[in-house]
Amino acid sequence: MAALSPRPGRPRVLIVLASGLLLAPAGCFPSDPTPEADVVVDLLEEDWQHMPGVKFDGDGLQVATAARSIVEQDGGGGQPNPPVNLAGTHLVADEDFLLSATFTDVTADASWTVYDSPPVIADEFRIEPAGLRLTLRGDDLEIAVFDGSSQRDVTDPQPVHDEHVTVSDPEVTLSVRRSGDTLEVADGEDIVSSLPFGRVFESGKLWLGLSSVDGSFQVSSFTATAPEGAALSTAGPAVAQAEPSADGLQALAARARPDFTIGAAVALGPLASDADYAQELVGNFGAVTPENAMKPQHLSPQQGVYTFEEADAILAIAESKGITVHGHTIAFSEAMPRWMQELPTDSEPERRASAEALLDYVTTVVTHFEGRLASLDVVNEPFDVDQGTSLQQNIWYRVFGPGYPAVVSRAVHDADPDIKQFINENGADVPGDRQDALLELVLDTNAQGGHIYGVGLQSHVYDLETDAIPADDLTETLDLFEDAGLRVRISESDVTNGQGADAQAEQYAAVLATCLRSRACVSYTTWGVDDRYNWWIDGHGRLRQGNDFLFDDGRPTPAYEAMRQALGG
């Protein structure tokens, strides 16, 4: 296909072409036109409303820096997390395809990425999928190809090919052609790079990313085209086709106890891209907790700048399926953007200014979601990470002091008085000092004018020999909080299968059955859906896949069947 030439005065046009046509001789693209296309999609008219940093302004897409990154547990690092159009439109292209985009008003840099599948977003890292990324900085074009293979360091993914070329004219046409196993990049009609990576696009789906690290740019045209005889179509999120199951976990729970909800932590990527995951979620769960999308680093990557789009997408999906939402989380020692971590606290004037910034964050977030959340973790994991009883001295503690939970609770109540507030903690599922400290914290918070409705008991079982939750101990725990006038959520349940699938199933069922019998226990949530997306990094920095959830690669586990039996199924 002949490279397109911009009209006089027009800015640079980027073209991504995948084609089974024979290539021209080395050094140039053929000048003869391809057969007339029979499918053309104007991507500007598609759905971009839930993509962070991207707004449609009537003339095109305005792309601004989202500055999103994923910090490590200790607050260090900062792996870039550029946005992808997950809940909007993606393309289905099993054969030849052409993508073209016109960028204008590039103030610093402009990146356009085509992914073979969405990235997997975990608590502290992102798994980079196969795809192609073009980044423009002045007359410099960076071409980066990722093939989806395992990375030595998942937090610092390296492309299999990365090169910089200089474009001859800032307004010239840039083209990328796929032909079989080859990708070719051209500056005008001159091929500047020929790469053996045509097979990075094997799924038949194309997911689109637009981002800028340091500036902004405009996309004034953006089209997808298929040559005659090739298939091309647009598609929305996979979850749109998912339906509740009459025999799913929530349906069984409703028959056993109508006021009881079964929930799961969810991520937008698999909801949008994986039909198995979407049906597992919608078919079985009556509540969701956004696993990461409502944490501070995702909602406000820059001070005063909010990226609610992905959280809003999850809420919109939940509403469309009749699913309630538990918000997670406001005050937390982890998952904080750099601006929040680095608020000054050395002097009283600094603490006052930092307090204003934090309370502005609380009010903005809670007001934005007002009326759409059934409940909310206003404080998450307040105690130290070594299973002690001392409050973590995070930014909230350093600004407001040890009474910060009451300050946050009052601010949340002012913004949304109807939301049920919880303090969520791990290691407090069985009687002991940590549980006593959690109860004392809640009671002290309410005595200071807070509005805490209950506690979240995370119920993670990483090792059945050390973390098991006996039914008798959990019963005693639930009675303790009920006697104090509080409600309980089993909030993040997952169980290792390290001691076998039967032991895993028994522990899952025991916690659910115990919770179901207690008037104080109002819901049960698993911290994930399918082990297909259950990843963690071991002590040696290696990426490992967990086996802790109720589904494994699209199939129910014995633990799922045990849960059904516990619900009377």
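Thr261 stands opposite Ser523 in strand β29, and in this predicted model, local features need pLDDT of at least 70 and side-chain atom pairs count only at pLDDT 80 or more, whereas totals for chains, interfaces and linings use all residues. Residues are numbered from 1 along each chain as its sequence is written, and side-chain values use heavy atoms, with hydrogens and water left out.

Strand β21 (residues 261-266) and β29 run parallel and are joined by 4 bridges, where two strands pair if DSSP finds at least two bridges between them. Helices (H or I, at least four residues) and strands (E, at least two) are DSSP runs, numbered from the N terminus. Strand β28 (residues 487-495) also pairs with β29 in the parallel sense over 4 bridges, and here Arg489 stands opposite Ser523. Strand β29 (residues 521-526) is mostly covered, since 5 of its 6 residues are buried; buried means under 20% relative accessible area, exposed over 50%, and partly exposed in between (1.4 Å probe, protein chains only).

Arg489 also takes part in one of two placements of a charged end over a ring, listed below. A charge sits over a ring if NZ of Lys or CZ of Arg is within 6 Å of the ring centre and within 35 degrees of the ring normal.

| Charged residue | Ring | Distance from ring centre |
|---|---|---|
| Lys420 | Tyr453 | 5.4 Å |
| Arg489 | Phe422 | 5.9 Å |

Helix α3 (residues 275-284) has 7 of its 10 residues buried, so it is largely enclosed by the rest of the structure. Among the buried residues of α3 are Tyr277, Leu281 and Asn284. Leu281 and Trp396 touch the most other members of the largest nonpolar core, which has 103 residues; such a core is a set of buried Ala, Val, Leu, Ile, Met, Phe, Trp, Tyr and Cys residues joined through side-chain atoms within 4.5 Å. Leaving aside neighbours within four places in sequence, Leu281 is in contact (heavy atoms within 4.5 Å) with Ala264, Val266, Leu271, Val288, Ile323 and Val529.

Aromatic rings also pair in this model, and the count comes to 11 pairs. Rings of Phe, Tyr and Trp (its six-membered ring) pair if their centres lie within 6.5 Å, and planes under 30 degrees apart count as stacked, over 60 as edge-to-face and the rest as tilted. The rings of Tyr306 and Tyr361 are stacked, because their centres are 6.2 Å apart and their planes at 25°. Tyr306 lies in the loop between α4 (296-299) and α5 (309-320) and Tyr361 in helix α7 (residues 348-368), so the pair ties together parts that are 55 residues apart in sequence.
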